[in-house]
Amino acid sequence: MNLDKFHNISNALKSHQKLIAVSKGQDIDKIKHLYDIGHRDFGENFLQELKEKKDMLPKDITWHFLGNIQSNKVKDIVACSDLVHSVSRLKVLDKISQLDVKKNIEILLQLKLGEEQTKSGFSEIEIYEIMEQNQFKNITIKGLMVIGEGRIEEEKLKAQFLQAANVFNKMKTMKKDVEYLSMGMSNDYELALAYGSNMVRIGTSIFGARTK
Ligand SMILES: *Cc1c(COP(=O)(O)O)cnc(C)c1O
């Protein structure tokens with residue numbers, strides 16, 4: 001675990017920028033340690049792991065869900081998470097809308113970057129269509145999430161982050177609830193911040209290599 005790195009990143013952030021410590025595959029002790037020095041935002045990718053950790057850790061943690069969402073797990077995922085970043089299919093939006101819940105579920109729409117067919121996320125056009133539709137019941141769209149493509153040239157990544165920032169800015173003009181651009185991980189968070197990210201999701205740089 002690299003606490004210096006944690007402090008460096010935290011101290012470099014402006015007041016409107018948030019660090020999500022991505023704790024998937026990391027021991028409870030490490031999470032507890034960051035909690036004890038005041039950190040409250042953690043990110044997980046798998047429902048089962050999230051449930052187990054949530055049970056063992058203090059209740060005032062804000063949990064961010066970052067993983068692939070299977071339709072049959074939507075109900076449990078939204079029940080365990082404070083903000084769901086990785087909504088990338090209409091089926092998931094529909095499922096959330098059909099839930100019998102009291103409060104609105106806060107989500108981010110995932111933007112698909114690059115050309116790869118296997119990548120998940122909505123196209124820019126799809127995002128605007130969703131934003132224009134008359135409210136999915138139960139859902140508050142809080143912003144946009146992007147995963148920078150690994151192994152591409154920096155110039156290409158910059159172009160993608162710029163595209164994401166433009167989509168985010170357009171979303172903000174469409175709905176007043178939009179406030180988060182979740183962009184940047186261990187390898188690319190500095191560039192992401194330079195392009196307007198206000199939520200970086202950082203795992204291995206802070207915690208070290210994942211053990212699971
Ligand atoms: C795992 C993961 C991260 C953190 O990645 P690191 O390279 O460990 O910083 C961030 N975002 C998402 C969506 C992830 O799945």
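Mentor: What follows covers one arginine and its neighbours, then the aromatic rings. The model is predicted. Arg-201 lies in strand 8, which spans residues 199–202. Arg-201 is buried yet forms no salt bridge. The nearest side chain of opposite charge belongs to Asp-188, 6.6 Å away, and a salt bridge would need a side-chain nitrogen within 4 Å of a carboxyl oxygen. The side chain of Arg-201 does have a polar contact with that of Ser-182, at 2.8 Å. Leaving aside residues up to four places away in sequence, Arg-201 touches Ser-182, Met-183, Gly-184, Met-185 and Ser-186, and also Met-145, Val-146 and Ile-147. Its other contacts include Ile-20, Val-22, Leu-66 and His-85.

Turning to the rings, the count is one aromatic pair. The partners are Phe-42 and Trp-63, with ring centres 6.1 Å apart and planes at 45 degrees, so the pair is tilted. Phe-42 belongs to strand 2 (residues 41–44) and Trp-63 to strand 3 (residues 62–65), so the pair ties together parts that are 21 residues apart in sequence. Phe-42 is buried, at 0% relative accessibility. Trp-63 is buried too, with a relative accessible area of 2%.

Technical notes: Residues numbered from 1 in each chain as written. Predicted model: local features only at pLDDT ≥ 70, side-chain atom pairs only at ≥ 80, totals over all residues. Heavy atoms only, no water. Helix = DSSP H or I, 4+ residues; strand = E, 2+ residues; numbered from the N terminus. Buried < 20%, exposed > 50% of the residue type's maximum accessible area, 1.4 Å probe, protein only. Lys, Arg positive; Asp, Glu negative; His and termini not counted. Polar contact = N/O pair within 3.5 Å; in protein donor to acceptor, adjacent residues only side chain to side chain. Contact = heavy atoms within 4.5 Å. Phe/Tyr/Trp six-rings, centres within 6.5 Å; stacked < 30°, edge-to-face > 60°.
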